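This report describes selected features of a two-chain protein model. Please consult the sequence and structure below while reading.

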Amino acid sequence: MAETSEAKPSAPPPGGDAGEDDKRDERMLECNICLDTARDAVVSMCGHLFCWPCLHQWLETRPSRQVCPVCKAAISREKVIPLYGRGNTKQEDPRNKVPPRPAGQRTEPESAGGFPGFGFGEGFHMSFGIGAFPFGVFTSTFNFGDPRPSAAPRGTAQFEEEQFLSKIFLWVAILFVLWLVFA
Amino acid sequence: MANIAAKRIKREFKEVMNSEEVAGGYIKLALVNDSWTELQGTIVGPPDTPYEGGTFQLEIKVPETYPFNPPKIRFVTKIWHPNVSSVTGAICLDILKDQWAAALTLRTVLLSIQALLSAAEAGDPQDAVVAKQYRESQQLFLLTARHWTNVYAGGPSAIWEFDQKVQRLLDMGIDEHEARVALSHYDWELERATEQLFS
Ligand SMILES: [Zn+2]
Ligand SMILES: [Zn+2]
């Protein structure tokens, strides 16, 4: 290649000659996506440095192709290492901060407990419970989620009797519904 | 334009300007407007190719989502190459599509396009007619590419025979570029080109 050093038009930058070494050191800490000094820095398993917000956006842009923007090695959110410098007092994992992005974060419900059948039973009462005799039976038979404890232990005579009764009530209830529908 | 895109393009622009390739005159980059959304790239044809000695202009459009999505680049200078449309200048290059990576820069992209001129990818053509000629009559392809480089990109080697044929069609009142396209498409057979032009 031809030597063109004298053709370079730019004057040395203000602030004097910073030195090539200093410049190179700075560039070592530049994010490979925004080319700025990496903030909330993370490093991939392949050794490439990024701002977490930049890398996050890259991973969001192509969810089907999660590769390192530099060397195209496989990459994932779980397999990047946050870097903590000395100035960082809080040492918070940058991945825990929400990077600015349009989509909302999905939060899990507080507790998964409660009575799963409750809503169903309520609905039943509302639509059918208008003072007709079999409905009391009906709802108690169909309230699967009813939290009341089972009356009798399995295998006893009382248990058998309860089972029998509840079957009869079920049939009565079904017949009543059929009557309601077809009458 | 999104903040990160403009900021990055400004940095890249500086970097390209200080690069060896610019110093050596292999690539160039110029601003088209001051919003940093459109630039003009220039590459010179690589040595030992039919594009040698030519200067090729590229239109570079920077999307708002840059660098998470690739820049949109096409040849403005007409070129005869299997991976470039001879009509629109659209480029078929994987890194400008699904193989884009956010760490690629305008500098690396321009160098990749330049490399594409040295090593065409006939398996993934943009221009089917050019690709067919490239595969089936290599010699004719090289001459046609050199002719286009001479006419459109300021390349040094004129192909006298081709110029004559274009002139013949010009004399019949046909537009010069149209004549050249028809002749190039029909392997420089004057009769078939004429037939097609007047059909
Ligand atoms: Zn960054
Ligand atoms: Zn990497």
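## Backbone exceptions and exposure

Leu35(A) counts as buried because its relative accessibility is 11%, where buried means under 20% relative accessible area, exposed over 50% and partly exposed in between (1.4 Å probe, protein chains only). Leu35(A) sits in the loop that links α1 (20-28) to β1 (41-44) of chain A, and its phi is near 65 degrees, a positive value in a residue other than glycine. Helices (H or I, at least four residues) and strands (E, at least two) are DSSP runs numbered from the N terminus.

This is a predicted model, in which local features need pLDDT of at least 70 and side-chain atom pairs count only at pLDDT 80 or more, whereas totals for chains, interfaces and linings use all residues. Residues are numbered from 1 along each chain as its sequence is written, chains are lettered from A in the order in which they are written, and side-chain values use heavy atoms, without hydrogens and water.

Asp48(B) also has a positive phi, near 60 degrees. Asp48(B) belongs to the loop between β2 (38-44) and β3 of chain B and is exposed, with a relative accessible area of 76%. Tyr66(B) and Pro67(B) are joined by a cis peptide bond with omega about 0 degrees; Pro67(B) lies in the loop between β3 (55-61) and β4 (72-75) of chain B. Most residues other than glycine have a negative phi, and most peptide bonds are trans.

## The two chains

Chain A has five helices and three strands, in the order α-β-β-α-β-α-α-α from the N terminus. Of its 183 residues, 26% are buried. Ala74(A), in the loop between α2 (52-61) and β3 (80-82) of chain A, is exposed at 72% relative accessible area. The C-alpha atom of Ala74(A) is 8.9 Å from that of Met45(A), 29 residues away along the chain.

Chain B has eight helices and four strands, and its pattern is α-α-β-β-β-β-α-α-α-α-α-α. Buried residues account for 47% of the 199 residues of chain B.

## Nonpolar cores

A nonpolar core is a set of buried Ala, Val, Leu, Ile, Met, Phe, Trp, Tyr and Cys residues joined through side-chain atoms within 4.5 Å. The largest one has 61 residues, of which Leu55(A), Trp58(A), Ile43(B), Phe75(B), Ile91(B) and Ile113(B) touch the most other members. Helix α3 (residues 106-118) of chain B gives the most to this core, six residues. A second, separate core of 11 residues includes Phe162(B), Trp188(B), Leu190(B) and Ala193(B).

Beyond its neighbours within four places in sequence, Leu55(A) is in contact with Ile33(A), Val42(A), Phe50(A), Pro69(A), Ile75(A) and Val80(A), contact meaning heavy atoms within 4.5 Å.

## Chain interface

The contact between the chains draws 22 residues from chain B and 18 residues from chain A. About 1,700 Å² is buried between them, with carbon and sulfur atoms giving 55%; buried area is the accessible area (1.4 Å probe) that two parts lose on being put together, summed over both. On the chain B side, Arg11(B), Phe68(B) and Ala103(B) lose the most area to chain A, together 33% of what that side buries.
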